[in-house]
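Here is a short briefing on aromatic contacts and the strands around them. Have the structure open as you read.

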Amino acid sequence: NYLLNLIMEKKIMTSISVYEPVGCCSSGVCGPEVEDSMAGFAAALSWAKKQGVAVSVYNLGHQPGAFAENADVKNAIEKEGLDCLPLVIADEKIISKGVYLSKSALAEKVGLNFKETQDEAKENNTNQSCCG
């Protein structure tokens with residue numbers, strides 16, 4: 001009931017949409033030398049899903065229609081160029097532009113409680129790749 005009450009009071013955002021620049025795969029976490037920030041962000045999104053937040057990720061190279069259909073995304077790109085990507089929207093409000101958020105930063109922006117354990121810290125520091 002506590003989580004439901006927070007959602008009802010709009011203290012926890014219930015959906016996250018991420019609009020990423022062109023990458024080799026739909027997750028955006030690609031190639032043999034993945035940037036730590038990208039891998040950490042992918043882990044943060046996975047964690048948010050486990051917390052009950054609906055997460056959608058759109059890659060400009062794979063789903064350009066999603067970028068054109070969202071007025072906020074379209075306006076941001078027209079005004080700021082592709083440097084505003086990745087663009088993170090939570091409950092239809094832009095919460096981040098141009099950076100891959102850490103798990104703690106994402107949690108703070110969407111109202112989730114986050115306390116990283118030692119095991120999670122080690123897991124977040126490993127490079128991951130969807131493309132080999």
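Predicted model: local features only at pLDDT ≥ 70, side-chain atom pairs only at ≥ 80, totals over all residues.

Searching the whole structure turns up three aromatic pairs. One of them joins Tyr19 and Tyr58, whose ring centres are 5.0 Å apart with the planes at 25°; planes under 30 degrees apart count as stacked, so this pair is stacked.

- Tyr19 belongs to strand β1 (residues 15-20) and Tyr58 to strand β2 (residues 54-59), so their pair ties together parts that are 39 residues apart in sequence.

**Burial**

- Tyr19 has a relative accessible area of 5% and is buried, whereas Tyr58, with a relative accessible area of 23%, is partly exposed.
- The strand that holds Tyr19 is mostly covered, since five of the six residues of β1 are buried.

**Strand pairing around Tyr19**

- β1 pairs with β2 in the parallel sense, over six bridges.
- Within β2, Tyr58 is the bridge partner of Tyr19, and the rings of Tyr19 and Tyr58 also form the stacked pair.
- β1 pairs with strand β3 (residues 87-90) as well, here in the antiparallel sense and over four bridges.
- On the β3 side, the bridge partner of Tyr19 is Leu87.

Key:
Residues numbered from 1 in each chain as written. Heavy atoms only, no water. Phe/Tyr/Trp six-rings, centres within 6.5 Å; stacked < 30°, edge-to-face > 60°. Helix = DSSP H or I, 4+ residues; strand = E, 2+ residues; numbered from the N terminus. Buried < 20%, exposed > 50% of the residue type's maximum accessible area, 1.4 Å probe, protein only. Pairing = 2+ DSSP bridges.
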